[in-house]
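Here are some notes to read alongside the model, written for someone opening it for the first time.

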Amino acid sequence: MSMEGNVALVTGGSRGIGRAVCLELARLGASVAVNYAGGAQAAEETAELCRTLGVEAEAFQTDVAGPAACEALIQAVKERFGRLDILVNNAGVSRDSLLMTAKTEDFDKTLDTNLKGAYFCTKAAAKVMLRQKYGRIIFLSSVVGLRGNPGQTAYAASKAGILGLTKAAAKELAGRDITVNAVAPGYIETDMTAVLPDKAKEAMLGTIPKGRPGAPEDVARAVAFFAAPESAYITGQVLCVDGGMAV
Ligand code: NDP
């Protein structure tokens, strides 16, 4: 599996799963655009780590929660690297609270980043990929989007929305060698899950047949599988990387 000559954009590539995806794609030979919202230092570090693997890489600051910003991001990447072959819609936030106490602003923030951001980036990237007649789009959904989870109604809605978006876009874009797939992680050790109370972590571990959390690299390998040129006949699929959690 080689991605030499490919250009990848990973939203939220500065840390966690996004960083692992950047490094895996770089290891396979792709040039990498590392998007981030606020963490410039982490994004620069990720880009530098990619460069040490022998590929071109650069950090791009953009809050993906707006159509104009996403359009500008895709254009900037296209200008810098000349093309865009792989889009990984990874940027995400979670603002957890029970339905009865949840704030509208938290719902908006979650949907704006996780679902609308992914939608806007996909729309802008698809324009480039349709002209190229080639593309690989991968979304980060979640087991929570498939099965729900108390305290995560907004997050679950955003991640379930991603699944519909994946399948509809897969059907629209298939004719031009553009595949669209989703990876649905379970419990992965990153900053996002580090803040969970110990009780919640223990409860989650109890639902994982493998008996342990996953690592960002576990997810990155699944993303790279969908991103490969050889995966041309696989589209509209959802792959759980969850140690058996959703089975
Ligand atoms: P982290 O919280 O560790 O990292 C989030 C990343 O998203 C950071 O790079 C952050 O950039 C970026 N980001 C956040 N908001 C925006 C925004 N508005 N615009 C651009 N970038 C943004 O998350 P994880 O690595 O854990 O999660 C990555 C993805 O995987 C998310 O979509 C998440 O929902 C999903 N996922 C994670 C699971 C887990 O167990 N960890 C399980 C299932 C799904 P910055 O540093 O600049 O803020």
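1. Start with the second largest pocket, whose lining is Tyr119, Thr122, Lys123, Ala126, Lys127, Leu130, Leu165, Ala168, Ala169, Glu172 and Leu173. Two elements, α4 and α6, each give two or more residues to that lining, and α4 gives the most, with 6 residues. (Helices here are DSSP runs of H or I with at least four residues, strands are runs of E with at least two, and both are numbered from the N terminus.)

2. Before going on, a word on the source: this is a predicted model, where local features need pLDDT of at least 70 and side-chain atom pairs count only at pLDDT 80 or more, while totals for chains, interfaces and linings use all residues. Residues are numbered from 1 along each chain as its sequence is written, and side-chain values use heavy atoms, with hydrogens and water left out.

3. A pocket is an open set of points on a 1 Å grid over the protein atoms alone, where a 1.4 Å probe fits, with protein on both sides within 12 Å along at least five of seven lines; lining residues have an atom within 4 Å of a point. (Ala, Val, Leu, Ile, Met, Phe, Trp, Tyr, Cys and Pro count as nonpolar, Asp, Glu, Lys and Arg as charged, and the others, Gly among them, as polar.)

4. Now the largest pocket, with about 1400 Å³ of space. It has 50 lining residues, and those closest to its centre are Val93, Ser94, Tyr155, Met192 and Thr193. By class the lining splits into 21 nonpolar, 21 polar and 8 charged.

5. Where does the ligand sit? In the largest pocket, meaning that more than half of its atoms lie within 2 Å of the grid points. Around the ligand are 31 residues, the closest being Ser14, Arg15, Gly38, Tyr155 and Thr190; to count, a residue needs a heavy atom within 4 Å. That shell holds 12 nonpolar, 15 polar and 4 charged residues, and α7 (191-194) supplies the largest share, 3 residues.

6. Look at the polar contacts too (pairs of N or O atoms within 3.5 Å). A side-chain N or O atom of Thr190 is 2.5 Å from a ligand oxygen, and a backbone N or O atom of Gly38 lies 2.7 Å from a ligand oxygen. At Val64, a backbone N or O atom is 3.1 Å from a ligand nitrogen.

Notes
Polar contact = N/O pair within 3.5 Å; in protein donor to acceptor, adjacent residues only side chain to side chain. Points joined across faces, edges and corners; volume = space filled by probe spheres on them.
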